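Here are a few exercises to work through with the model open beside you. Try each task before you read its solution.

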Amino acid sequence: QCIRTTAAPHMEAYVVLMFFFPAAFRVWTFRCALIINFALLCAALVGLPFRTHVVGDVYSVVGLWTVSCGIGLLLSYLQERLEREQFLLHRRLDQQLIEMNNRKRNEQRAIEARDATGDFLARMSHEIRTPLNGISGLVDLLQHSQLSPEQLSLVANLRAASDHLMTIVNDVLDLAKITAGQLPP
């Protein structure tokens, strides 16, 4: 069965290192390779005087063994270095991908805000223009009624202010149309 009945902290630590911390696991493996190669070299050096079959000079065998261990350690070191560079490259690429996604998201939000501003301006200018047209019509009716010269002067000033305000509202509406790209050429 696959169900454990007792705790195995040394195995759990090994599994955690292997699956969740691959960089730490590689460092652990590299250190183990160093220790194992060094232990094998020491064992070979200790066992040299007790060997029964002499193949060649003792120093050539030790030299060959040392070169073999050195090449193994060099290859382990190069592999670790390449994996570290690959990890850093993946990390930089992930960061750049996150930055690109953030830029796209912020650009989309800016476009939505610009469109919302244009829609707001267009709606508000229409909402302001409707009562302003009503006021202009009432001012016209008031101008054609029986008023004193002083009252006619005040109504003329009111008419000029109403026309000026209508021009401003129309300009705001045109700006909203230009922003939305709806103004005909």
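Contact here means heavy atoms within 4.5 Å. This is a predicted model, where local features need pLDDT of at least 70 and side-chain atom pairs count only at pLDDT 80 or more, while totals for chains, interfaces and linings use all residues. Residues are numbered from 1 along each chain as its sequence is written, and side-chain values use heavy atoms, with hydrogens and water left out.

**Exercise 1.** Find Ser162: is it buried or exposed?

Start with where it sits: Ser162 belongs to helix 4, residues 149-180. (Helices, H or I with at least four residues, are DSSP runs numbered from the N terminus.) Next, check its cover. Ser162 has 6% relative accessibility, so it counts as buried; buried means under 20% relative accessible area, exposed over 50%, partly exposed in between, using a 1.4 Å probe and protein chains only. Finally, look at who it touches: leaving aside neighbours within four places in sequence, Ser162 contacts Leu132 and Ser136.

**Exercise 2.** Work out which residue Arg103 pairs with in a salt bridge.

First, the rule: a salt bridge needs a side-chain nitrogen of Lys or Arg within 4 Å of a carboxyl oxygen of Asp or Glu. Arg103's partner is Glu99, with the closest N and O atoms 3.8 Å apart. Now the spacing: the two are 4 residues apart in helix 3, so about one helical turn separates Arg103 from Glu99. As for cover, Arg103 is exposed at 51%, whereas Glu99 is partly exposed at 42%.

**Exercise 3.** Which residues does Arg159 join in a network of salt bridges?

Arg159 is linked with Asp140 and Asp163. The structure holds 5 salt bridges.
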